[in-house]
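Here is a friendly briefing to read alongside the model. Take a look at the chain first, and then we will go through its features by topic.

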Amino acid sequence: MSVDLLQQDWRHMPGVTGEGGGLHVGTDSERSIVEQNGRPGQPNPSINLAGTHLVAEGNFTLKASFTDVSADASWAVYDSPPVIADEFRIEPAGLRLTLRGDELEIAVFDGSPQHDVPRPQPTHNEYATISNPEAVLSVHRSGDTLEIASGGDTVSSLPLGGVFKSGDLWLGLSSASGSFQVSSLTASATEGAALRTAGPAIAQAEQSSDGLQALVGLIRPDFRLGAAVALGPLASDADYARELVDNFGAVTPENAMKPQALSPQKGLYTFEEADAIIAIAESKGMTVHGHTIAFTEAMPRWMQELPTGSDRERRDSAEALLDYITTVVTHFKGKLDSLDVVNEPFDVDQGTSFQQNIWYRVFGPDYPAVVSQAVYDADPDVKQFINENGADVPGTRQDALLKLAVDTNTLGGHIDGVGLQAHVYDLETDAISADDLTTTLNIFEAAGLHVRISENDVTDDQGTDAQAEQYAVVLATCLRSRACVSYTTWGIDDRYNWWIDEDGSLQQGHDYLFDHGQPTPAYEAIRRVLGN
């Protein structure tokens, strides 16, 4: 079987558009993950996640032709999508070919743990000179051998065919500093093997009449249980897709709607992955909470470096930021139920002073009102929230959040409520009691504000029973208050729960309701809450 991949679905791949029977790949296809200190971090090139991927049961051959390469052209074939976290990407097994003039770089990753996760090193890396950069490039896998050829001439033969062991092939196209055309792209099975195209795993998931959202609907029909989601596992992992569709009625794009994902360059917008998540949610009858507009982290370099030294510079920078808000909110108008218009405005040390981010430097301490009004002008119907951590229990930080929401509305803003993140990283210091949360909800209700439990996750450091009890307390308390309008957990399955320790090592967390496709005690505790 042979597949003309140019005729497949590429609609939701950033930086890639159909053009003249082929594909055009632009610089917006090569993105990077911004580090917490604001520096550009790990490259995060585009992959066709929501469109077509291949299932190859045995050996295969892929062929591609590139033309009009202005600087560089990269073609990647992955065994699985990468795991994308807030500040890093776990590089999967696969092959990446990069063409620069007559030089072809060949990089192979075997999927083994990296010593330095944000700067992954290939298992094999070599450079070859090819005679015709527009000749057909081919990748042939035969058993344990991986052969790369140009114009029919073998460029490299490697004993690394085993990197493609899952049977799935995910395709990436990107350019770091230019653009190029893909004039042909085909796949075929060889030596009696089978090959077929496939869509995202989420398309096959069906809603359950006995899942968590169905149960909560018996208690409060207007209440939504939500989860933060990423497009990679939605597309590739049937367990993850089933867990979401069975149990949740709302989604929050974990990273796909942050500024660095939506506008990697000034005036350039890449809505494709966010649009794909929204389309998935709509197809499954789920609502979408947008995350986020004004934020200190996850901002592209162009946004971080807007000048603020003079009144003229601040006016020009204000125009750029307001244009960003208008463009983004107008694009998603009518598709979002609610939106974090300001995220984590206060300092990271659990204090009450503003973070001195670009929004503060341009607009001053009243920036939340400016942002809120701009959002309202673009979409008056989307519910607006200010989202913050460390404000889940009474105290000075909660007082500051309440005051900020009220003052923002006094200044002409349109804030409907607050998001209480409810991250419980340490049960000794972060635990949330029913009494404290009840008091909190009453305080915000008295001020005329709604509350979202917006990012709940709980450590298992004191065991799964303690973890389960904390999950149950937060949800049960929220459900008892009419001020608490929704509940979201910041992830679904621990298969995708990763963080980097202080020594640089990659660590897997165990904070979610599912673990490698199986429900955890926390999930069962939530079922008991809803059953009662």
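Helices (H or I, at least four residues) and strands (E, at least two) are DSSP runs, numbered from the N terminus. This is a predicted model, in which local features need pLDDT of at least 70 and side-chain atom pairs count only at pLDDT 80 or more, while totals for chains, interfaces and linings use all residues. Residues are numbered from 1 along each chain as its sequence is written, and side-chain values use heavy atoms, with hydrogens and water left out.

**Around L401**
- L401 sits in helix α10, which covers residues 396-410.
- With a relative accessible area of 0%, L401 is buried (under 20% relative accessible area, with exposed over 50% and partly exposed in between; 1.4 Å probe, protein chains only).
- Leaving aside residues up to four places away in sequence, L401 touches F346, I386, E388, A391, V418, L420 and F444 (contact means heavy atoms within 4.5 Å).
- V458 is 57 residues from L401 along the chain, and their C-alpha atoms are 22 Å apart.

**Helix α9**
- Among the buried residues of α9 are Y367, P368, V371 and V375.

**The whole chain**
- In total there are 13 helices and 32 strands.
- The C-alpha atoms fill a box of roughly 75 × 60 × 45 Å along the principal axes.
- Of the 532 residues in the chain, 57% are buried.
- Among contacts with a separation of 6 or more, 73% join residues 24 or more positions apart.
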